[in-house]
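Below is a briefing on one model, arranged by topic. Please read it next to the sequence and the structure.

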Amino acid sequence: MTARVAIVGAGPAGIRAAETLVGAGLKPVVIDEGARAGGQIYRRPPPGFTRPPETLYGSEAPKARALHALFDGLVESGKVEHLAQSAVLGIDADGLNVLRPEGRQVVPYDRLIVATGATDRLAPVPGWQAAGVYSLGATQIALKAQGVALGQRLVLAGSGPLLTLVATQLLKAGADVAAVLDTASLGDQAAGAAGLLARPALALRGVAMRARLGRLYHAGVTLERIENDARGVTAIRWTSASGVESRTECDMVGLGWHLRAETQLAGLAGCAFDYSETWAQWLPRSDRLGRAAEGVYLAGDGLRILGADGAEVTGRLAAIACLQDLGLNAPDPVADLKRLVTLERFAHGIARAFPWPAAHLRALPDATVVCRCEGVTAGELRSVADYGGAEANRVKSLGRTSMGRCQGRYCQLAGAELIAAHANIDTPAVGRLRDQAPVRPAPVGAWVNPARTAGRPD
Amino acid sequence: MTPAPSPRVRRLAETGRAPVGFLIDGQPASALAGDTLLTAILANVPALRQSEFGPEPRAGFCLMGACQDCWVWQKDGPRLRACSTPVTDGLHILTQPPETWP
């Protein structure tokens, strides 16, 4: 009997993992939330949209085209089973609990490859709960997959490669971008340069994009607050690197500080985690190929934050590890392992050049909303840490921060910094939030009604 | 004070798609085939719903199914995540929970 391998995620990592498994004669099942495979960076618009990949993905269009064609071909030829619009809610002894459009389904597996990617890494700015504040990723998805700007007059703020990229793409599409506010100083960016030179062509493209932003771009800013009225955002107040206070009118603010690995399923699958000082977040522990627990392999930004090119590499490596452990004929990983070293050098350069704004977070005024789902403020979080203890899960239980709609995806990193500063301990000592199923919301009916089991007669 | 019904999103491309008619809180609204509900609603009005924990309206946040900020109600049928649900002809969206909603 051939082994059943389940892959969660159909971005660049999941697609390359599937290709590698098919190459060894397996037929993996790929579960993905998207209607069409591609993931976030290579997300495809719905049918009926006409802009070509060159418009949507710029210099990365050939990679996007190749991945889309590869995956569509694998599905059409029956070599991969694709469960689209399907969210993995949790894992139990029978397999993956998957929420599909028609209800809950259990997907049994022998081996699991988790390629769940990343979201934007967010830091609260006073007023960020207002309508019209979005993540930078959201800003790019709106343009790429819907052809819209999320406001009439936009300000993009935060730091990381996406900040410059999204600003450039919006300008090219004709959006009104009022300012691009980078919390990384030019000194930070110079400190990262050595690492960025690991991929000189990519680094140069970033420099060229930055140049096109001209006077819209400001480095080393402090984001003071987002002003709003009953409709939503009206302006952002910020202080320049030289200390000049400014107010920029806008009806939309896009925020993001690079990426936060999406690790809940890895945690539920039994993976261990280490705090990464480089990325200021908890990342799963694995070997170089992505082996992370018994029969569990990780790939893509949910394992190492290397971006889309790195996801293709780690997707192949995870599948190779899986094939090796099954005793099947696996491709030689040497070339990809070598490529991984270069990608990691570049990624460390990125982390250094566009740092997480820990000092800003630690000094947030008490009135700032930290948990935007339930309106929990920095002051409430600090007082909970006082009476309940400076530990992430206790602060969550007692103060409800990280317990709302997003399940802590957008406030837990900021919360950890605030708790650490308040209790005068290191951020890793605050601990990591326990992973809780369901990792996506599910209607009660999906649990009450018995699940179907894939691949077995009812 | 009720905010004036002005659109939040601005269309920059792909405007030649077929029109779709739907309802927001009983008012007729128009969108384009292939719009997500989030795009469709915010092309007509500035918000998707009220925050249940604060005074501010909400208009979505991540657009990738991770934040769950954009759930809206229907006159008939289950709640919908606006960023990942396509708009369809005749859909009746409510930006406030229906009174019978538990």
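L163(A) sits in helix α5 (residues 161–173) of chain A; helices (H or I, at least four residues) and strands (E, at least two) are DSSP runs, numbered from the N terminus. The model is a predicted one, in which local features need pLDDT of at least 70, side-chain atom pairs count only at pLDDT 80 or more, and totals for chains, interfaces and linings use all residues. Residues are numbered from 1 along each chain as its sequence is written, while chains are lettered from A and ligands numbered from 1 in the order in which they are written.

**Surroundings of L163(A)**

- L163(A) counts as buried because it has 28 C-beta neighbours inside 10 Å. A residue is buried if 20 or more other C-beta atoms lie within 10 Å of its own, exposed if 12 or fewer, and partly exposed in between, with C-beta atoms placed from the backbone.
- Leaving aside neighbours within four places in sequence, L163(A) is in contact with L136(A), L156(A), G158(A), V180(A), D182(A) and G256(A). Two residues are in contact if their C-beta atoms, placed from the backbone, lie within 7 Å.
- Y217(A) is 54 residues apart from L163(A) along the chain, and their C-alpha atoms are separated by 10.0 Å.

**The five-stranded sheet of chain A**

- An open sheet of five strands runs in the order β9-β17-β11-β12-β13 (chain A), with parallel pairing. Two strands pair if DSSP finds at least two bridges between them.
- The edges are held by β9 (133–135) and β13 (217–218) of chain A; each has a single partner strand, so one side of each is left without a neighbour in the sheet.
- Strand β11 (residues 153–159) and strand β12 (residues 176–182) of chain A run parallel and are joined by six bridges.
- G158(A) stands opposite D182(A) in β12(A).

**The four-stranded sheet of chain A**

- Another open sheet, of four strands, has the order β4-β5-β6-β25 (chain A) and mixed pairing.
- At its edges stand β4 (87–92) and β25 (452–453) of chain A, each with a single partner strand, so one side of each lacks a neighbour in the sheet.
- β4(A) pairs with strand β5 (residues 95–100) of chain A in the antiparallel sense, over five bridges. G90(A) has N97(A) in β5(A) as its bridge partner.

**Domains of chain A**

- The domain assignment gives domain 1 (5–119 + 260–349), domain 2 (122–257) and domain 3 (360–430). Such bounds come from an automatic or database domain assignment.
- The centres of domain 1 and domain 2 of chain A, taken over C-alpha atoms, are separated by 28 Å.
- In chain A, 11 residues of domain 1 are in contact with 12 residues of domain 2.
- On the domain 1 side of this contact, helix α11 (residues 334–353) of chain A gives the most, with five residues.

**Helix α13 of chain A**

- The buried residues of helix α13 (residues 378–388) of chain A are A378(A), L381(A), R382(A), V384(A) and A385(A).
- Seen down the axis of α13(A), these fall within an arc of 160 degrees, so they line one face of the helix. The arc is that of the directions from the helix axis to the C-beta atoms.
- D386(A) and Y387(A), on the other side of α13(A), are exposed.
- Cover for the buried residues of α13(A) includes β23 (369–371), β24 (376–377), α14 (392–399) and α15 (412–423) of chain A.
- G389(A) follows α13(A) and has a positive phi, near 105 degrees.

- Chain B has one helix and eight strands, running β-β-β-α-β-β-β-β-β from the N terminus on.
- Of its 102 residues, 41% count as buried.
- Strand β2 (residues 19–24) and strand β3 (residues 27–32) of chain B pair in the antiparallel sense over six bridges. In the hairpin of β2(B) and β3(B), which has two residues between the strands, D25(B) takes a positive phi near 50 degrees.
- The contact between the chains takes 35 residues from chain B and 41 residues from chain A.
- β1 (10–11) and β5 (57–58) of chain B are the elements that give two or more residues to the chain B side.
- Strand β10 (residues 148–149) of chain A pairs with β1(B) in the antiparallel sense over two bridges, and A149(A) has R10(B) as its bridge partner.
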